[in-house]
Amino acid sequence: VYGENHLDVADLCLDIGNIYNDKKEYDSALKYYQKTLKGYTRVLNKTDQKIVDLNLLIIDVQVKKKKLNEFNKTISYFDEAIVSNKKPYSRDNRDTFTPSEYYDSKLLLKILHGKAKVLQERFIKDKNIRDLNNSLKIYEQADILIDYIRKSYQNHQDKIAFAKNARKVYADAVDAEFLLYKQAKT
């Protein structure tokens with residue numbers, strides 16, 4: 001009735017994908033998430049929060065499905081999520097990382113952490129040191145972002161809750177540093 005270029009049709013595909021995801025039928029979930037992504041990109045701006053959230057859902061399903069062998073595709077979804085979260089007026093300076101140039105800092109931290117972990121996994125599989133170095137650079141950005149977010153909290157309870165999330169990022173960063181250390185020894 002609505003045609004393919006309607007937001008309601010894309011939302012229905014998302015709901016169907018979520019049902020398949022809950023049933024652990026990941027291939028079908030991915031199929032419907034891809035249909036949703038096509039529909040969203042036809043109707044919404046690339047920076048819309050729905051597209052960011054959908055990219056994270058796709059990544060989550062790929063990780064659940066153990067499709068980490070599709071590293072390049074997974075990393076491209078993270079890259080799309082980062083671009084979607086970036087404010088349009090921000091500078092395109094890749095040398096410096098500025099957390100204030102993004103809409104949602106906590107979402108950005110989740111994206112950076114996920115991308116760094118996937119690069120780490122790809123290093124473990126392929127032994128390409130560039131992946132590990134890129135992962136470590138992303139963890140450095142995450143450290144800057146954690147400091148930025150931490151300064152924004154006033155409430156003690158919020159700081160404690162955020163510290164638990166930050167601890168996971170730092171633990172994975174230490175793992176990456178240890179991998180680099182082991183690589184340097186060989």
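Reader: Which residues does Ser135 touch, not counting residues up to four places away in sequence?

Author: This is a predicted model, in which local features need pLDDT of at least 70 and side-chain atom pairs count only at pLDDT 80 or more, while totals for chains, interfaces and linings use all residues. Residues are numbered from 1 along each chain as its sequence is written, and side-chain values use heavy atoms, with hydrogens and water left out. With contact taken as heavy atoms within 4.5 Å, the residues that Ser135 touches beyond four places in sequence are Ala116, Leu119, Gln120 and Ala176.

Reader: In which helix does Ser135 lie, and is Ser135 buried or exposed?

Author: Helices (DSSP runs of H or I, at least four residues) and strands (E, at least two) are numbered from the N terminus, and Ser135 belongs to helix α6, residues 129-152. The relative accessible area of Ser135 is 0%. Buried means under 20%, exposed over 50% and partly exposed in between, with a 1.4 Å probe and protein chains only, so Ser135 is buried.

Reader: With which residues is Asn55 in contact, leaving aside its neighbours within four places in sequence?

Author: Asn55 has its place in helix α3. Its relative accessible area is 0%, so Asn55 is buried. Beyond its sequence neighbours within four places, Asn55 is in contact with Leu37, Tyr77, Glu80 and Ala81.

Reader: What is the arrangement of the rings of Tyr153 and Phe162?

Author: Tyr153 counts as buried at 15% relative accessibility, and Phe162 counts as buried at 5%. Their ring centres are 5.6 Å apart and their planes stand at 50 degrees, so the pair is tilted.

Reader: Over the face of which residue does Lys127 lie?

Author: Lys127 is found in the loop between α5 and α6, and its relative accessible area of 52% makes Lys127 exposed. Its phi is near 65 degrees, a positive value in a residue other than glycine. A charge sits over a ring if NZ of Lys or CZ of Arg is within 6 Å of the ring centre and within 35 degrees of the ring normal. At 5.6 Å from the ring centre, Lys127 lies over the face of Phe123.

Reader: What is the phi of Lys24?

Author: Lys24 is in the loop between α1 and α2, and Lys24 counts as exposed at 60% relative accessibility. Lys24 is a residue other than glycine with a positive phi, near 65 degrees.

Reader: Which helix gives the most to the lining of the second largest pocket?

Author: The lining of the second largest pocket includes at least two residues from each of α3 (49-64), α5 (105-126) and α7 (156-185). With 10 residues, the helix that gives the most to this lining is α5.

Note on methods:
Phe/Tyr/Trp six-rings, centres within 6.5 Å; stacked < 30°, edge-to-face > 60°.
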